[in-house]
Amino acid sequence: MSLIFAKKDESGNVCIVSDTKLNYEIDRKLPSYSSYQKNGGLKLFVVNHEEVVISFAGCSAEAQDTFDRIDLDNWNLSNVLEILKESSVFGSTDYLLCNAVNNVIYKISDGVVAQPDYAYIGDFDGYQVLTKNIEQSSGLHDLDIAMNKVISDSNVKTVGGFCISALSDNGLFRYTSKHSFSQFKGHIKLSNVPTTIPILSNPVNDTYSYGWAGSQYGFALYFYEAKLGLIYLPLKINPVEVCSEVNLDLFDQILMKYNLKMPLRIDTKSEEEKLIDFSYELYLHLQYQRCIDKISLLENSSIPKVFFNPIIY
């Protein structure tokens with residue numbers, strides 16, 4: 001079912017947040033990277049030279065069939081709304097379309113096109129959790145926090161993955177590029193660093209760190225623990241390219257052909273990178289569990305030392 005929510009902030013700009021959990025047919029084979037996306041994928045697309053955002057909630061196969069009918073090279077808003085309207089008649093998939101030129105929100109559901117001041121599509125329980133955590137004046141930052149609370153709520157079964165968001169600004173939409181640690185279950189502290197750094201567990205616990213980049217040309221995700229990059233093109237729900245066993249620098253080079261660039265750089269000699277690599281090694285050996293208490297550095301060595309608490313089941 002999923003959840004997408006859009007509203008205007010105090011400046012009149014449109015803010016929109018989405019999770020990444022998709023609905024698949026029961027007999028459809030899930031992709032090998034699904035554990036890192038919680039069986040999810042991209043549902044929030046910037047199109048028409050960054051002037052429009054389109055999102056969906058419901059059946060991913062039906063949404064993809066609908067998107068395939070949209071001519072991105074000869075954009076016509078009225079035609080697009082009609083295509084989305086025809087798809088929504090069946091009741092299994094709804095859409096939000098937001099226009100940054102005039103900051104209009106369109107909700108397309110059950111064969112009806114409406115223009116509300118704010119709108120949601122998807123899981124009603126998730127919508128209730130989200131709205132309890134925002135105010136009428138809330139902007140994108142508050143919406144991000146609220147959506148993450150929905151995603152982490154075990155009582156909301158059909159919303160999952162992680163939060164992707166976009167904001168209209170001066171007639172254009174932009175993804176809010178992020179370098180994030182998502183759904184981590186605890187913190188550990190480096191003995192020589194005065195800040196707490198989240199180091200993440202395995203996908204069984206829905207925990208991973210990731211970065212993303214997006215524009216009118218496409219969208220890219222990079223998962224640190226998996227050394228995995230996923231690349232999407234506009235209105236393509238499944239990735240057009242899956243890059244496995246790649247580091248961030250190599251993935252950035254691959255993205256050049258899509259006119260994309262990751263919004264962050266990590267010095268390969270930094271302590272953060274060493275810890276990420278080390279956490280991945282622990283994950284591979286099935287030792288990286290919630291029982292991690294802290295990490296400190298061995299004397300005269302850059303290899304982190306891990307102290308474990310007893311595992312109690």
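**Entry 1: a pair to begin with.** I started at Ile16, which stands opposite Ala166 in strand 9. A reminder to myself that this is a predicted model. Strand 2 and strand 9 run antiparallel and are joined by 4 bridges.

**Entry 2: the other neighbour.** Next I looked at how strand 2 meets strand 1, and found antiparallel pairing over 5 bridges. Ile4 has Ser18 of strand 2 as its bridge partner. These two strands form a hairpin with 5 residues between them, where Gly12 takes a positive phi near 85°.

**Entry 3: is strand 2 enclosed or open?** I asked whether strand 2 is enclosed or left open by the rest of the structure. I found 5 of its 5 residues buried, so strand 2 is largely enclosed. In a regular strand the side chains alternate between the two faces of the sheet. I therefore checked each face of strand 2, and both are covered, with Val14, Ile16 and Ser18 buried on one side and Cys15 and Val17 buried on the other.

Entry 4: I then traced the strand order, which reads 8-1-2-9-10 in an open sheet of 5 strands with antiparallel pairing. Strand 8 (118–122) and strand 10 (172–175) are the edges; each has a single partner strand, so one side of each has no neighbour in the sheet. On average, neighbouring strands here are turned by 15° against each other, direction ignored. At the strand 10 end, I counted 4 bridges to strand 9 (164–169), again antiparallel. Ser168 stands opposite Phe173 of strand 10 there.

**Entry 5: helices on the sheet.** Which strands does helix 5 (140–152) touch? I noted strand 1, strand 2 and strand 9, with the helix direction at about 20° to that of strand 2. Helix 4 (124–132) lies across strand 1 (3–8), strand 2 (14–18) and strand 8, at about 40° to strand 1.

**Entry 6: the chain overall.** Last, I noted 7 helices and 19 strands. Of the 313 residues, 54% count as buried. Among contacts with a separation of 6 or more, 58% come from residues 24 or more positions apart.

How values were computed
Residues numbered from 1 in each chain as written. Predicted model: local features only at pLDDT ≥ 70, side-chain atom pairs only at ≥ 80, totals over all residues. Heavy atoms only, no water. Pairing = 2+ DSSP bridges. Axes fitted to C-alpha atoms, helices over the stretch in contact; angles between N-to-C directions. Contact = heavy atoms within 4.5 Å. Buried < 20%, exposed > 50% of the residue type's maximum accessible area, 1.4 Å probe, protein only.
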